[in-house]
Amino acid sequence: MNLRDIKKDIDYLFGAFVEDCSICATVNPELFDSAIADIMEEGVAEYNNLKDKVSAKVEGSKKAYFQGLRKELLVKIDSLYDKLSEAVQSKSSQE
């Protein structure tokens, strides 16, 4: 596990998330409201947070630190997709 791979994973996963939010807004413009915009903003904030953590100076075991970051990345992405799914489902059930 190297630093370059985790940076690529962060870029890819958060890029895919923002793209999925954009596609959702394009396909269903009536669903795009402040809730989905807030979820996108939260995703960008998490992206910036993880990029800062990756760039930070690590003391101790780098391998353990980056494994922890990778787990944190997956948990945060999963949480953001759950929020997006809930927002879409709540809007579609109101119709």
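**Entry 1: Val 58**

I looked up Val 58 and found that it counts as buried, because its relative accessibility is 15%. Buried means under 20% relative accessible area, exposed means over 50%, and partly exposed is in between (1.4 Å probe, protein chains only). I note that this is a predicted model: local features need pLDDT of at least 70, side-chain atom pairs count only at pLDDT 80 or more, and totals for chains, interfaces and linings use all residues. Residues are numbered from 1 along each chain as its sequence is written, and side-chain values use heavy atoms, with hydrogens and water left out.

I placed Val 58 in the loop between helix H2 (34-55) and helix H3 (62-94). Helices here are DSSP runs of H or I with at least four residues, numbered from the N terminus.

Which residues does Val 58 touch, not counting residues up to four places away in sequence? I found Tyr 65 and Phe 66. Contact means heavy atoms within 4.5 Å.

**Entry 2: Salt bridges**

I then turned to charged pairs. Side chains of opposite charge can pair when their charged atoms come close. For a salt bridge, a side-chain nitrogen of Lys or Arg must be within 4 Å of a carboxyl oxygen of Asp or Glu. How many salt bridges does a search of the whole structure find? It finds six.

**Entry 3: Arg 70 and Asp 9**

I looked up the salt bridge between Arg 70 and Asp 9, where the closest N and O atoms are 2.6 Å apart. Arg 70 lies in helix H3 and Asp 9 in helix H1 (residues 3-27), so this pair ties together parts 61 residues apart in sequence. I recorded Arg 70 as partly exposed at 22% relative accessibility. Asp 9 is also partly exposed, with a relative accessible area of 26%.

**Entry 4: Glu 42 and Lys 83**

Glu 42 forms a salt bridge with Lys 83, and I noted 2.6 Å between the closest N and O atoms. The pair links distant parts of the chain, with Glu 42 in helix H2 and Lys 83 in helix H3, 41 residues apart. Glu 42 counts as partly exposed at 27% relative accessibility. Lys 83 is partly exposed, at 33%.

**Entry 5: Glu 46 and Lys 76**

I found a salt bridge between Glu 46 and Lys 76, with the closest N and O atoms 2.8 Å apart. Glu 46 is in helix H2 and Lys 76 in helix H3, so the pair ties together parts that are 30 residues apart in sequence. Is Glu 46 buried or exposed? Glu 46 is buried, with a relative accessible area of 19%. I also recorded a network of salt bridges that links Glu 46, Lys 53, Glu 72 and Lys 76.

Definitions and conventions:
Helices (H or I, at least four residues) and strands (E, at least two) are DSSP runs, numbered from the N terminus.
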